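Please take a look at the predicted model below. A short report follows it.

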Amino acid sequence: MARPLETIIELQEALDLLETAERQLEDIPDWMRELDAEYQERKSQIDALEQEAEDATAARRAAEAGISDAQEKLKRYQKQINEVTTQREYGALLQEIDTAKTQVASLEEQALSSMERADAANTALAEQREGFGDLDQRYQAELAKWEKEKPGIAEEARKLSERVEVLREHVPRGLLSQFQRIRKRNGGQALAAIRRIDRHRGPAMWHCAACNYNVRPQVLVDIQDRGALIQCDSCKRILFVETEEEPATTAAQG
Ligand SMILES: [Zn+2]
């Protein structure tokens, strides 16, 4: 039967793989990231231009509606001018006519500039869309490829979940809750490898790969000899010895 330390090492590995698979399923894969960024950027530029063209067209319509209102008013005033009887009424009406004319002129300016804005946006939009076609095609092709890969990853995630369940059952309950507590505290990582410190002279020394705190040589021996469960004195992660780091095989010469 595997030692508890070996089981939790396997459990940590399975959990890491499961997390990666689940993250992939929720997100886009790394190999799509570059194209996705390019696609999203171009897409948002196009969206912004579409919005600009739409806004400019709406502004132009509003100005045109304002012009026809003001022109209606002008017609009415011009009819009234034949009916006024006093100098004061005449003066007041002329004033109104003047105001309406100024209004028309300013609205005409607004309509014209809105038209120019819409034209500029539409021209830029046509250019953007022309280049976008090819990008869109490549993007759709990658999306389709990703859709094809997804079921395999989902299946992998399902198997990993099962594996995690089985492993959990094999870990003594007290150790499992300790493992989960440490994991929660350390962003999902309950374990830390013991690494040999690179030194040219003196006796070999080791440290915790997660926090660099020193690890006594006896700890290394206890873990290797009997799978002792020992936490790092500093970060409290459970320490383990990487198989390729075994001091017996990496003993320095001289
Ligand atoms: Zn540590």
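The text covers confidence, the metal site, the nonpolar cores and one serine.

**Basis and confidence.** This is a predicted model, in which local features need pLDDT of at least 70, side-chain atom pairs count only at pLDDT 80 or more, and totals for chains, interfaces and linings use all residues. Residues are numbered from 1 along each chain as its sequence is written, and side-chain values use heavy atoms, with hydrogens and water left out. The protein chain has a mean pLDDT of 92, and 95% of its residues reach 70 or more. Here pLDDT is the predictor's confidence in each residue, from 0 to 100. Over residues 245–254 the pLDDT is below 50. That stretch has 11 contacts in the model beyond near neighbours in sequence. Contact means heavy atoms within 4.5 Å.

**Zinc site.** C208, C211, C232 and C235 coordinate the zinc ion through their SG atoms, at 2.3 Å. Donors are N, O and S atoms within 2.8 Å of the metal (3.2 Å for Na, K and Ca); water is not among the atoms, so sites may look incomplete. The donor atoms subtend angles of 100 to 116 degrees, so the arrangement is tetrahedral. For four donors, that label requires all angles between 85 and 135 degrees. The sequence spacing is C-x2-C-x20-C-x2-C. C211 sits in the loop between strand 2 (206–208) and strand 3 (214–215), and C235 in the loop between helix 5 (217–226) and strand 4 (238–241), so the pair ties together parts 24 residues apart in sequence. Helices (H or I, at least four residues) and strands (E, at least two) are DSSP runs, numbered from the N terminus.

Buried means under 20% relative accessible area, exposed over 50%, partly exposed in between (1.4 Å probe, protein chains only).

| Residue | Relative accessible area | Class |
|---|---|---|
| C211 | 28% | partly exposed |
| C235 | 13% | buried |
| S114 | 5% | buried |

**Cores.** A nonpolar core is a set of buried Ala, Val, Leu, Ile, Met, Phe, Trp, Tyr and Cys residues joined through side-chain atoms within 4.5 Å. The largest has 48 residues; I8, L11, I194, I223 and L239 touch the most other members. Helix 3 gives the most to this core, with 10 residues. A second, separate core of 11 residues includes A63, L74, A100 and V104.

**S114.** This serine is in helix 3 (residues 87–170). Its side chain reaches the backbone oxygen of Q110 at 2.8 Å. Beyond its neighbours within four places in sequence, S114 contacts A56, A59 and R60.

Note on methods. Four donors count as tetrahedral if all angles lie between 85 and 135 degrees; four count as square planar and six as octahedral if opposite donors are over 155 degrees apart and all others between 65 and 115; anything else is irregular. A polar contact is a pair of N or O atoms within 3.5 Å; within protein, one must be able to donate a hydrogen and the other to accept it, and residues adjacent in sequence count only if both atoms are side-chain atoms.
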